[in-house]
Amino acid sequence: MTVGMGPRTRKFALTLHVVASVGWLGAVGAYLVLAAAALRSEDVALVRGAYPLMELVMWAAVVPLSLGSLLTGVISALGGPWGLVRHYWVLFKLVLNLVATTLLLLYTRSIGHFADLAPTARDVGALRDPTHVLHSVLALLVLLVATVLAVFKPRGVTGFGRARRAVP
């Protein structure tokens with residue numbers, strides 16, 4: 001299924017998708033820097049302040065950009081020559097984005113808990129949770145895989161794509 005879009009509209013949709021996706025990658029990078037600082041720093045004020053900042057980055061950048069990437073990716077795929085489910089690389093990117101966005105939305109509760117706890121925690125050692133760094137690194141890897149798929153566009157057509165080619 002494709003949606004009829006002119007070349008300018010397709011390029012605009014693709015540009016929005018690239019901007020949202022690259023922004024998502026950068027926002028996760030910023031989150032990772034804050035998470036690593038909270039994990040490693042000996043400065044109690046920095047550790048206490050990192051978690052509210054991480055929550056801000058999460059809600060102001062990471063979540064909106066992930067949702068924007070998902071929405072603009074679907075629009076670009078439906079309006080472009082690749083389709084949404086015709087090529088394995090597009091389908092795989094869609095699945096990666098859906099899984100990553102779902103996990104991200106579930107993860108927001110965890111950072112919210114730490115952001116609420118940080119200002120009043122008696123022991124900042126309890127705030128030194130390596131999972132924030134681990135989740136950020138894994139998110140970056142997923143986003144890099146999606147980027148590689150978008151650039152290299154590996155061959156392979158799904159059964160739906162083969163059936164669509166056979167129809168005149």
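Helix axes are lines fitted to C-alpha atoms, for helices over the stretch in contact, and the angles between them run from 0 to 180 degrees between N-to-C directions. The legends below describe a predicted model.

View 1. The C-alpha trace of the protein chain spans about 70 × 30 × 25 Å along its principal axes.

**View 2. The crossing of helix 1 and helix 3.** The axes of helix 1 and helix 3 come within 14 Å of each other and cross at roughly 40°, an angle that makes helix 1 oblique to helix 3. This crossing of helix 1 and helix 3 is left-handed. From helix 1, the residues His17, Trp24 and Tyr31 take part in the contact, and they meet Lys93, Asn97, Ala100, Thr101, Leu104, Tyr107 and Ile111 in helix 3. Sorted by class, the contact of helix 1 with helix 3 has six nonpolar, three polar and one charged residues.

**View 3. Helix 1 against helix 4.** Here the axes of helix 1 and helix 4 come within 8 Å and cross at roughly 160°; angles over 145 degrees count as roughly antiparallel, and helix 1 and helix 4 are therefore roughly antiparallel to each other. The crossing in which helix 1 passes helix 4 is left-handed. On the side of helix 1 the contact is made by Trp24, Leu25, Val28, Gly29, Tyr31, Leu32, Ala35, Ala36 and Leu39, while helix 4 contributes His132, Val133, Ser136, Val137, Ala139, Leu140, Leu143 and Leu144. By class, the contact of helix 1 with helix 4 has 14 nonpolar and three polar residues, with no charged residues.

**View 4. Helix 2 against helix 3.** Helix 2 and helix 3 pack at an angle of about 160°, and their axes are 10 Å apart. Helix 2 and helix 3 are therefore roughly antiparallel to each other, and helix 2 passes helix 3 in a left-handed crossing. The contact of helix 2 with helix 3 has 20 nonpolar, six polar and one charged residues.

**View 5. The largest pocket.** About 730 Å³ of space lies in the largest pocket, and its lining is formed by 32 residues, of which Leu14, His17, Trp89, Lys93 and Ala150 lie nearest the centre. Two or more residues of this lining come from each of helix 1 (7–40), helix 2 (44–79), helix 3 (88–117) and helix 4 (131–152), and the largest share, nine residues, is given by helix 1. The residues of the lining of the largest pocket divide into 20 nonpolar, eight polar and four charged. Two residues named here, His17 and Lys93, are also among those that take part in the contact of helix 1 with helix 3.

**View 6. The second largest pocket.** The second largest pocket holds about 370 Å³ of space and is lined by 17 residues, of which Ala100, Leu103, Leu104, His135 and Ala139 lie nearest its centre. Helix 1, helix 2, helix 3 and helix 4 are the elements that give two or more residues to the lining of the second largest pocket. By class, this lining of the second largest pocket has 15 nonpolar, two polar and no charged residues.

Conventions: Residues numbered from 1 in each chain as written. Predicted model: local features only at pLDDT ≥ 70, side-chain atom pairs only at ≥ 80, totals over all residues. Heavy atoms only, no water. 1 Å grid on protein atoms, 1.4 Å probe; cavity = no way out; pocket = protein on both sides within 12 Å on 5 of 7 lines; lining within 4 Å. Points joined across faces, edges and corners; volume = space filled by probe spheres on them. Helix = DSSP H or I, 4+ residues; strand = E, 2+ residues; numbered from the N terminus. Nonpolar A, V, L, I, M, F, W, Y, C, P; charged D, E, K, R; others polar. Parallel < 35°, antiparallel > 145°, perpendicular 65-115°, else oblique. Left-handed = near helix turned anticlockwise from the far one by under 90°. Contact = heavy atoms within 4.5 Å.
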